[in-house]
Every structure is written in C-alpha cells, then in structure tokens.
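This report reads one protein model through its charged and aromatic side chains. Confidence in the coordinates is taken up along the way.

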Amino acid sequence: MKPLREGLFVEAVSGSMNNLWSDKYSLAAQCYQQTNRFDRLVECLMGALLVFMPLAFGGVHRWSEMVILVVVSAMALCVILKHGTAVRGFGLRGDSEEPARWVWTWAYVPMILFVLLIAFQLLPLPARLVEVLSPNTWDLKQVLMSDIAGEEPSGWMTLTFYPLATRHDLRMVVMVATLFFVVVNVYHSVSQIKRLLLIVALVGAGVAILTLAQNFLGNGKLYWHMATGDGVVRSGPFVNHGHFGQYMNLSIGAALALLLATLYEAVACEKNNRYARSAQVTQDYSGQGNDRKRGSQWPLFAPVVARLARPSMHRVWMMSVMIVLGVITLCLSLTRGGMVSMLVAGAFTIMMMVRNRQYTFQIWIMVVLAMGAFICILYLGSEAVYDRMVSLGDLKNYDNRLGIIKSLAPVVGKFGFWGVGLGAHAMVYPMWDMTHTGKLVRYAENEYVQVLAETGVGGLCLVLLVLAMVWRHYFRCIRHEKLPICMAAFGLGFGLLAAMIHSVCDFGQHVPVNSGLAAIFCGLLVNLGRLRHDDTRRPQATGGRRATVQKNDKKRMRWTHRFPPVAGGGGCASLLGLLLGGGGLWSWMLIDAENACAAQKHWEQVLRIDNRLQKNNWQGRDGDYRVMLAHAGQAVRHQPGNVEYYYWLNVYRWLDLDRRNSDKSDRDYQREVDKLIHNFHQGRALCPVYGPLYFMAGQLEYYVAGPYGNEKLRQDGAAHVQVAARLAGGHPTISWGAGLLNIQQGNMNQSTEIFRRYVNDGGDFDRVIAIYIDQYDRSDLAMAVAGDEPMLLDRLATSLSRLEGYATLEKAARAHAIDILEGQVAGKKPPVQTLVNLGHVYYHDGDYQNASRVLGWTLERAPERIDCRYLLAESLAKVNQVPRAIAQARRCMQMRPDWKKPKMLVERLENQS
C-alpha cells in the first residue's frame with residue numbers, strides 16, 4: 001500500500017478531506033436506495049411543510065391541518081411509487097436504475113399496533129362485547145342512555161366516548177407515523193440529512209427573529225394583526241408559549257446536530273489521516289510533540305480554528321447564531337417547562353459527550369454558545385427570566401396541573417385497559433374534576449398521563465416502546481467512533497429529550513409542528529443508529545478504495561434490507577395493494593379533514609354573530625338569527641358528529657323561539673319546545689358524557705314544558721339537570737341552575753354542596769348570598785357555602801354589614817376569617833396571597849393598624865401589588881400617618897397614572913392637613 005503524500009494534509013486543511021468523507025458515505029448509502037426524482041420531490045415537499053407548519057400557528061387550525069395532511073399524503077405516495085418493485089413495468093423507472101428497497105425497523109410494529117388500537121376504539125361493537133371488554137364503559141353508557149334506548153343499550157357501541165375527537169386524533173397519529181416512515185425510507189445520504197437539518201434550523205432561526213421583532217417592535221398581536229386573549233405576544237407565531245418552547249428546543253437540536261457534525265468533520269479528517277501528526281504538525285508545534293499526551297486535542301486545535309475562519313465554514317457560524325437566538329427567545333418566552341427541559345437535555349448531552357474524550361473540543365463550543373446566550377439574556381430581560389425561574393420553587397404554581405393528574409386517577413382505574421378514547425379527555429374529565437377552575441380542561445397538561453387515560457395501559461406501553469427503540473439507536477450511534485454525520489445524533493437526542501421532558505408538564509405534542517418534528521428526529525436517529533461500527537472504516541486512498549467500499553456495501557446490503565424484491569406479477573400486486581390500501585386510508589382522512597375545515601369556516605361566522613348578540617342580551621333582528629342558524633346548520637351538516645356544534649345549534653333555535661313567542665301556552669310553541677327537547681336527547685348519542693345536553697333538556701322539561709304537561713316530565717327534567725351537574729359540574733352555569741333547582745324542590749342542604757362548587761368554579765358568591773338571605777332568610781346556609789375560605793367569609797361579612805339584624809353573624813364571619821388567615825401567616829414564610837388576604841380582612845374589619853402592618857410586609861415581598869399599596873395608603877390615613885399615606889398614594893400615581901383614586905386621596909389628605 002502506498003503511503004499518503006504529505007500534501008494530503010494541506011488538502012485536508014483546505015477542505016478536500018471533507019469531500020472524501022462525504023463521498024465515502026454517499027457510496028455506502030447506495031445500498032439503501034438511490035436518490036432519484038421521487039427523493040427530490042419528497043425533499044421539496046418536506047421543506048415546504050417545515051416552513052409552513054410553524055408559520056401557520058403550529059398547524060393547530062383545521063385549514064392548516066388540511067394542508068399538512070395533503071403534503072404528508074403526497075410524500076407517502078412518492079415513497080410508495082419509488083419502492084414499488086413493479087415500477088419498471090409502469091414506465092416510472094429507467095432501465096438503468098436499480099429497484100429501491102424497503103427499510104425495515106422494529107419501531108414500525110408498535111406504531112402500527114397503536115394505530116390499530118385507536119381504530120378499534122372507533123369500531124362499533126356489539127354492546128355485550130363492550131360489556132366484556134370494558135365493563136365500566138358499558139355500565140356508564142348504560143346508566144346515561146337507558147332512558148333513551150330502554151332498560152339497557154342494545155345494538156352497537158364504541159369503546160370511545162367521543163368518536164369525532166378520536167377520529168381527529170387518529171388522523172394526527174397517522175400523519176406523525178407517516179413522517180417517520182418517509183424519513184426512514186428516504187433520508188440516508190449525508191447531503192440529504194444535512195439539508196433536512198439545515199431547513200429545520202433555518203426555519204427555527206426565522207421564527208426566533210420574528211419572535212424578537214414582535215417582542216420589541218410589536219403591538220401585542222400575532223403578526224401585528226391577530227389579537228390574543230391576554231394581549232401579550234412573546235412566542236412568535238405560537239399562541240401558547242409552552243408550545244413555542246418545545247418547538248424551539250427541537251430547532252436548537254437540529255442546529256446543534258448540524259454544528260457538531262460539521263465541526264467533527266474538521267477534527268475527523270485530521271485524526272484519520274495517518275500523517276496528520278507527522279513532520280508538518282511537529283514543525284508547527286515545535287517543543288510540544290515530545291511532551292504531548294496521547295489523545296490530546298491541542299495539536300488539532302489550530303487546524304480546526306483555521307478551518308473555522310474560512311468562508312467554507314459559514315455553516316458553523318450560521319448554526320451558532322441560530323442556537324444563540326433560539327436560547328434567547330426560548331428564555332424570553334418565559335416558559336418554565338421549556339427552560340428546564342433545555343437545561344436538563346443540555347446537561348445530558350454534555351454528559352454523553354464527556355464519556356468520550358475525543359469530543360472535548362465540541363463540548364467547549366457548546367459551553368461558549370451557552371455563555372453567549374446567557375450574556376444576551378442578561379442584557380435583554382434577565383429580571384423577568386429570573387423571576388420566572390424562581391417561581392419554580394413555589395409549589396402552588398403546580399396545584400392546577402397536579403390537580404388534573406389526581407383527578408384522572410379514577411379514570412385510569414376504571415378505564416385503564418382500553419381507555420376512554422383518544423381525544424375524549426375534554427368530555428370525560430369534567431366528571432372527575434377536582435381542580436374547580438371553572439374552565440374546560442381540554443388537555444391533561446401531561447402527555448403521558450393523557451395517553452394512559454385515553455388509550456389505556458396498552459397505548460402508553462406502545463408509545464414508550466417506540467421511544468425506547470429510538471433511544472436504543474441513539475446509544476448505538478454514539479457508542480463507537482463513526483462518520484462525522486453520526487455526531488448529529490447528539491443534537492437530535494438533545495431536541496428529542498427536551499420534548500419528552502417538556503411533555504411531562506405540557507401538551508405540546510398535540511401541536512402538529514412539534515409532533516411532526518419529533519417524528520422526523522426519531523426517523524433520523526433510527527437511520528444513524530443503523531450504521532454498524534464496521535461500516536465506518538475509512539476507505540483506502542489508493543486505487544483499491546472504491547473496490548473496498550463496494551465490497552463492504554455488498555456485506556451491508558444483506559443486513560439492511562430485510563425484504564427481498566418480488567418479481568413479475570407479485571411486484572405489481574404489491575404496488576397496487578399499497579396504493580389501494582394507503583389511498584383508501586388517506587382518502588378517508590382527507591375527506592374527514594376537509595369536512596372539519598368547512599364546518600369550522602361556517603362556525604366562525606356563527607361566533608361572529610354570537611358575540612354581537614350576547615352584548616345585546618340575545619335581542620337581535622330576525623335576519624341575524626336566520627343567518628346564524630343557517631351557518632350553524634351547515635356546520636352540523638359538514639360535521640354531524642360534532643356534539644358542540646349540535647348543542648349550540650339547538651340552543652340558538654331555542655333562543656330564537658323564546659324571543660319570538662310571548663304566549664308560552666300556545667300549542668305551536670309547545671310543539672317546538674318538545675321538538676327541541678327531543679333534539680337535545682338525541683344529541684346525547686354523539687357523546688353520552690356531554691353534560692350541557694342534559695342540562696338544556698332538563699331546563700326545558702322542568703320550566704317550560706313541564707308546567708303545561710304532567711308531573712313526570714318535571715321530575716325527568718329535574719333528574720336530567722342533576723345528571724348534568726355530575727357530568728359537567730365545573731361549568732358555573734350548570735352548577736347555578738342545579739343549585740336553584742334544589743332550592744325550589746326544598747333540598748336546601750343539597751343545594752349548599754352544588755353552590756360551593758359553583759363558587760369554587762368562579763361563580764359569583766354575591767348571587768348565592770342574595771338567594772339564601774334575601775329570598776329565604778337562611779344566612780346559615782350562606783355561611784355553610786363559605787366554609788373555611790377566608791375571602792368568602794370576608795365577602796359574606798361585608799354583605800351582612802349592609803343589612804340590619806345580622807351584626808352578630810357579621811362579626812363571627814370576620815373573626816373566623818381572621819383566625820384562619822393568622823394561622824396561615826404564622827409560618828416562617830407565608831405565601832404572598834395569604835398576606836394580601838389578611839390585609840384586606842383587617843381593613844374591612846376596621847383594624848387599620850394591623851392592616852397597615854400586614855400590607856407593609858406584603859409590599860416588601862411583592863412591591864408591584866398596586867392594590868395593596870393603595871389599601872396601605874388608606875389604612876395609614878385612618879391611623880393619622882398622613883405623610884406616609886401621601887407617599888404611598890403618590891407612588892400609586894407613578895405606577896398607574898390613569899388611576900383616579902390615589903389622586904383623589906392625595907388631594908383630600910393635603911386639604912385636611
């Protein structure tokens with residue numbers, strides 16, 4: 001074997017060795033499949049998809065989901081056509097082209113089983129079979145639907161409680177699995193993988209730049225046009241900053257993967273050249289060659305720096321800038337889950353690299369980038385980021401999320417084997433809700449717990465099995481020294497691990513852009529992990545180099561392709577089978593998605609009129625109701641399984657009917673009411689656990705149809721309202737209606753339980769006080785509803801102070817509230833809100849000395865609480881500390897110039913003095 005010329009070292013420094021490695025890997029990749037027209041088309045579609053998804057608000061709207069499904073289905077079709085063994089017969093492949101082979105991975109098996117599990121949840125089964133498979137599902141549906149179907153449900157029944165949501169989530173699961181399949185079967189050459197990582201990183205950089213522009217030059221709207229609920233935009237095109245954090249972590253992972261691979265090429269070219277440490281290196285580092293330890297990186301440091309300074313290394317600088325921008329925008333979005341997952345994933349990645357000393361230089365690059373991002377954060381918004389991270393220590397910030405998980409424990413216990421149906425969480429959860437937030441909890445804030453509740457133990461195990469297989473490829477890839485592109489595994493692992501950690505406290509994987517990127521990362525890790533250690537030996541630089549690589553390729557081909565090509569009619573049949581099977585599945589999905597998109601367009605028109613009528617107490621023109629009902633009807637026609645559309649369509653019909661009829665005893669009016677009652681009951685078949693349907697039917701039966709019918713109808717209506725309170729007790733309107741019904745039926749003690757939940761869910765406690773005291777003179781029941789809540793007791797005492805004859809009860813309520821709060825404040829470091837509450841109670845009780853003392857403590861810990869500062873000024877004025885009161889009031893004026901109360905207080909105090 002002829003030795004390499006010394007000039008090769010100079011060529012390596014100038015970049016030619018980089019081409020040598022890329023060419024070698026491209027030759028090795030020929031055993032997978034050849035890059036042809038279908039590969040190029042797939043890459044174009046993938047690039048367009050990666051640009052579209054984040055800019056379309058993450059793909060959360062129905063129209064964007066439709067676009068995503070169309071693009072993914074087109075990529076799947078290209079892969080099927082490319083891999084068909086009978087393509088030659090159809091004239092789609094040239095005579096000189098070799099047939100492409102399917103790439104097998106065992107990760108396909110749990111993915112397919114998970115899709116089949118969801119399909120089985122949607123499959124109508126005999127009711128008796130459902131009773132055997134999931135007794136609690138059968139029992140709950142039997143209890144809820146027995147008054148419609150008879151003594152027990154007959155015919156067919158699904159395991160899912162809400163088929164429409166399960167169909168929607170099934171489309172998303174198939175989309176994610178298809179992306180994984182496409183990446184595994186298409187992206188194998190170095191150039192393909194680099195292009196894919198480059199697109200993800202550049203799009204992430206664009207989103208980061210857009211985020212900074214909106215943060216510092218924005219008007220509080222997305223794209224300077226679309227308003228958000230809280231009027232704050234800090235997450236680029238994403239409404240939820242948690243979703244943005246997960247996307248940015250994945251984008252940082254792609255940039256890090258490309259950066260590490262590019263840097264390692266510079267080191268690997270020198271390390272694999274047997275003359276890299278020969279005479280020329282020794283001359284450059286005279287005096288160090290004899291003292292150098294084996295394996296040291298310092299002899300390679302100068303050549304690497306020289307390469308970094310060349311224009312050909314612009315990609316390294318681009319990726320470095322992208323990583324810094326991503327870290328900055330992620331921190332400025334103030335997502336605690338995103339920041340924590342980024343830090344944990346970064347520490348894990350560095351730990352994996354530290355295990356191999358050859359990655360020392362790359363580790364220092366990561367440290368330098370992290371320091372640069374930290375310096376920028378200190379300059380741009382360190383105080384807000386620090387306060388957000390400090391709040392991690394306050395466990396009360398997690399009460400809501402932990403409460404959701406605790407509430408799902410009974411769901412897992414009852415339906416843990418088959419689940420309640422993928423996507424049905426929002427409908428089933430209110431039955432067991434213990435958080436009392438008064439909001440519709442559509443997601444569990446924990447992806448793993450939600451998968452467990454919706455698909456059972458089997459579904460969660462299948463998801464974890466897929467992840468375990470992917471991480472097995474990750475560790476296989478980093479275990480041995482391989483090609484430079486294998487360094488990308490560290491960056492891909494960083495992004496995937498950050499997404500997995502963040503999913504413990506968020507639902508970012510329900511956003512198509514995040515789940516799609518996670519599937520792409522998994523596919524790339526599988527491809528990188530399939531490279532065996534003996535496949536990465538450096539080819540000979542002599543004339544036998546190509547022959548050596550081809551010899552290795554033949555050996556590797558038997559390992560890579562598990563399915564041999566089928567000749568003749570078998571190949572044609574397999575291609576037609578794939579086209580028909582996949583085409584049928586994707587046609588059903590696209591039609592369903594198109595109907596959902598059309599229904600949403602009509603519903604947007606409905607909501608526009610709905611908002612206008614609500615402001616006018618539902619009093620509008622006939623034309624408004626006619627147009628609203630027409631659009632609502634079209635939405636239901638396009639998506640007949642949507643229980644929310646169906647419910648509101650009949651609610652609008654009732655509002656229109658009640659508005660147009662003043663004579664409630666008219667027969668035509670009664671017939672229309674009976675028809676609406678029938679519609680509400682029939683809608684229960686769409687989702688048996690949707691409480692508002694029971695509530696509206698019960699209200700019409702008890703208050704409208706009942707008085708002109710029989711007593712049994714009124715009793716049925718009362719029963720339906722009680723069922724609604726159990727199914728959707730977290731809905732304040734339903735709780736209020738159920739509480740009033742109990743009072744009218746004489747169930748006073750039972751009404752207190754319902755009203756307590758109504759108040760906990762955000763209802764108006766003053767309405768409850770008015771009902772109990774003004775109408776029924778039952779102040780004891782109002783006291784029972786307040787319970788041991790200090791602020792409710794304070795509000796009750798304030799209301800009683802306006803009435804005569806309740807002085808004793810007023811003092812007792814106030815004293816009880818003070819005792820509870822003083823017990824809570826007795827700790828070493830009581831919560832700020834407890835101090836705020838105690839200061840308010842002292843002020844309302846007339847104890848201004850203690851009020852000023854407690855409010856002073858509050859402002860020491862929370863100086864931004866302007867309400868406490870003004871109350872402190874009022875308290876100081878009451879105890880004749882006028883100068884301090886004026887100072888606090890002037891401070892309020894500085895903090896909020898448009899607030900008139902502090903200004904009036906200052907004028908009054910100055911006039912008195």
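With which residue does R896 form a salt bridge? Its partner is D898, the closest N and O atoms being 3.6 Å apart, where a salt bridge is a side-chain nitrogen of Lys or Arg within 4 Å of a carboxyl oxygen of Asp or Glu.

## Basis and confidence

This is a predicted model, in which local features need pLDDT of at least 70 and side-chain atom pairs count only at pLDDT 80 or more, while totals for chains, interfaces and linings use all residues. Residues are numbered from 1 along each chain as its sequence is written, and side-chain values use heavy atoms, with hydrogens and water left out.

The protein chain averages a pLDDT (the predictor's confidence in each residue, from 0 to 100) of 80, and 78% of the residues score at least 70. Over residues 533–570 the pLDDT is below 50, although this stretch has 54 contacts beyond near neighbours in sequence, a contact meaning heavy atoms within 4.5 Å. Where pLDDT is low, the predicted coordinates should not be read in detail.

## Salt bridges

The structure holds 27 salt bridges. In the R896 pair, R896 is partly exposed at 38% relative accessibility, whereas D898 is exposed at 60% (buried means under 20% relative accessible area, exposed over 50%, partly exposed in between, with a 1.4 Å probe and protein chains only). Salt bridges that share partners also join D622, D656, R659 and R660 into one network.

R814 and D794 meet in a salt bridge of 2.6 Å, N to O, which links distant parts of the chain, with R814 in helix α34 and D794 in helix α33, 20 residues apart. R814 is buried at 4% relative accessibility, and D794 is buried at 2%.

## Aromatic side chains

A search of the whole structure finds 32 aromatic pairs, counted when the ring centres of Phe, Tyr and Trp (its six-membered ring) lie within 6.5 Å, with planes under 30 degrees apart called stacked, over 60 edge-to-face and the rest tilted. Y647 and Y690 form an edge-to-face pair, 5.8 Å centre to centre with 80° between the planes, and both residues are buried. They also belong to one aromatic cluster with W603, W618, Y645, W648, Y652 and F680.

Key
Helix = DSSP H or I, 4+ residues; strand = E, 2+ residues; numbered from the N terminus.
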